[in-house]
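User: Hello! I am new to this structure and would like to go through it step by step. Could you help me read it?

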Amino acid sequence: MTQASTTPKNGRRQHDREIIALAVPAFGALVAEPLFLMADSAIIGHLGTPQLAGLGIAAALLMTGVSVFVFLAYATTAAVARRVGAGDLQSAIRQGMDGIWLALLLGAAVIVVVLPSAPWLVDLFGASDTAAPYAITYLRISSLGIPAMLVVLASTGVLRGLQDTKTPLYVAIGGFTANAALNVGLVYGAELGIAGSAWGTVIAQCGMAAVYLRVVVRGARRHGASLRPDAAGIRASAQAGVPLLVRTLSLRAVLMIATAVAARLGDADVAAHQIILSLWSLLAFALDAIAIAGQAIIGRYLGANDAEGAQEACRRMVQWGIVSGVVLGVLVAVSRPLFIPLFTSDQVVRDALLPALLVVAVSQPISGIVFVLDGVLMGAGDGPYLAWAMLATLAVFTPVALLVPVLGGGLTALWWAMVLMMTVRMVTLWVRARSGRWIVTGATR
């Protein structure tokens, strides 16, 4: 067999090894994050229903706020990976430090806003008189950990850009373990109630941030990178994050509209919708792990001026996304009758779930392509296009979703609207990927 004939196969194997090495630990870290809330819920749930309701409201506010700043991870990954590809580790870590300083500034600003406005925010979510005091307590205390949470996001981006997804996995596991132990000790041992849960989470988050900072600082000293804040660098990090912020807000708007429409369909439909969203989020973690690998790999290839390598990696990751989507879709379709009883015993809710879950199963290959191409374009620093594409998707989805209850459609119709949303995203991302306009080589875009 000639060398020329083996090269494509060897290239695919190399890409596969890179994808697996980055995606598997990334998936573990992504799954570990929701465990924080699950641990808090399990511990607080034994204190009483008002406390659990208060936690639910405060957690929803906190997760919404933090998810808005996920661009700290995405933009930092792309910028650092480019410099890694260019062989400039000093500049890569310096760029990462700019992202971390931006995270600290944004975290401080969030605290200033949340502390005085906590009662108003809780009331906005319609908290009952019994749950509101617990929600306010948890929100105010937990807000003190937001700077640490944002530092974790930015530092995760730094390490992903450095092609390291194992360290974030270890930190996530350690953080979850510490959070669970602290919560038990402070809630029951110290008898601090819901305040103890909040303080336990804050301490665990600060510990995670400290570990990340130690790793990044050690790397900065090894490569002679400055640790001091640089106004120009922080401003550049913020500018790179704005388009991704627009993209994230547009995606959050889609999910909020879908939930609002489901609520108009009736209690059974909205209950079923929440179950489907939970499953959809779990499936998204698996696909997002490939996207994270894409961000790091594509950024590195482009930084190394290897446009052909970036294109080949993109094609291979799309194949991974399709295959992963097919596998996940089959699993959902086959296992529907098995896991539905785990979530509800209400026959009306079950009847709404069965056909809607089949729609979710059918759409998974589309989701696989969307997640991968999203990661590829993020790794290329193509944020402005991602922002406009998501705004266009929101413009298409909104009227279709709002027509579902008007035309007498049920939950299955709503999820077909969600499939339309993902299809529009796939088309816009596919067109961009095929055009090659995202391929801009060099240490900076």
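This is a predicted model: local features need pLDDT of at least 70, side-chain atom pairs count only at pLDDT 80 or more; totals for chains, interfaces and linings use all residues.

User: Which side chain does Arg 425 meet in a salt bridge?

Analyst: Side chains of opposite charge can pair when their charged atoms come close. Here the N to O distance is 3.3 Å, and the pair links helix H14 (residues 411–435) with helix H12 (residues 347–379), 51 residues apart.

User: Where does Arg 432 lie, and which residue does it pair with?

Analyst: In the salt bridge of Arg 432, the closest N and O atoms are 2.7 Å apart. Arg 432 lies in helix H14 and its partner in the loop between H12 and H13, so the pair ties together parts that are 50 residues apart in sequence.

User: What is the relative accessible area of Arg 445?

Analyst: The side chain of Arg 445 meets that of Asp 382 in a salt bridge, 3.3 Å from N to O. Arg 445 is in the segment after H14, 63 residues apart from Asp 382. Arg 445 counts as partly exposed, because its relative accessible area is 42%.

User: Which helix gives the most residues to the lining of the second largest pocket?

Analyst: This pocket holds about 470 Å³ of space. Of its 26 lining residues, those closest to the centre include Ala 75, Ala 236 and Gly 381. Helices H3 (71–85), H4 (89–124), H9 (231–265) and H13 (383–406) each give two or more residues to the lining. With 9 residues, the helix that gives the most is H3.

User: How many Å² of accessible area does the nonpolar patch of Leu 115, Leu 144, Trp 199 and Ile 203 have together?

Analyst: One member, Ile 203, is found in helix H8 (residues 194–223). At 44% relative accessibility, Ile 203 counts as partly exposed. Together, the four residues Leu 115, Leu 144, Trp 199 and Ile 203 form a surface patch with an accessible area of about 330 Å².

Methods:
Residues are numbered from 1 along each chain as its sequence is written. Side-chain values use heavy atoms; hydrogens and water are left out. Patches are made of residues with over 30% relative accessible area and no salt bridge: like charges are joined within 9 Å, nonpolar side chains (Val, Leu, Ile, Met, Phe, Trp, Tyr) within 5 Å. Accessible areas come from the Shrake-Rupley method with a 1.4 Å probe; for residues, only the protein chains shown count as cover. Helices (H or I, at least four residues) and strands (E, at least two) are DSSP runs, numbered from the N terminus. Buried means under 20% relative accessible area, exposed over 50%, partly exposed in between (1.4 Å probe, protein chains only). On a 1 Å grid over the protein atoms alone, a cavity is a set of points where a 1.4 Å probe fits but cannot get out, and a pocket is an open set with protein on both sides within 12 Å along at least five of seven lines; lining residues have an atom within 4 Å of a point. Grid points are joined across faces, edges and corners, and a volume is the space filled by probe spheres set on the points.
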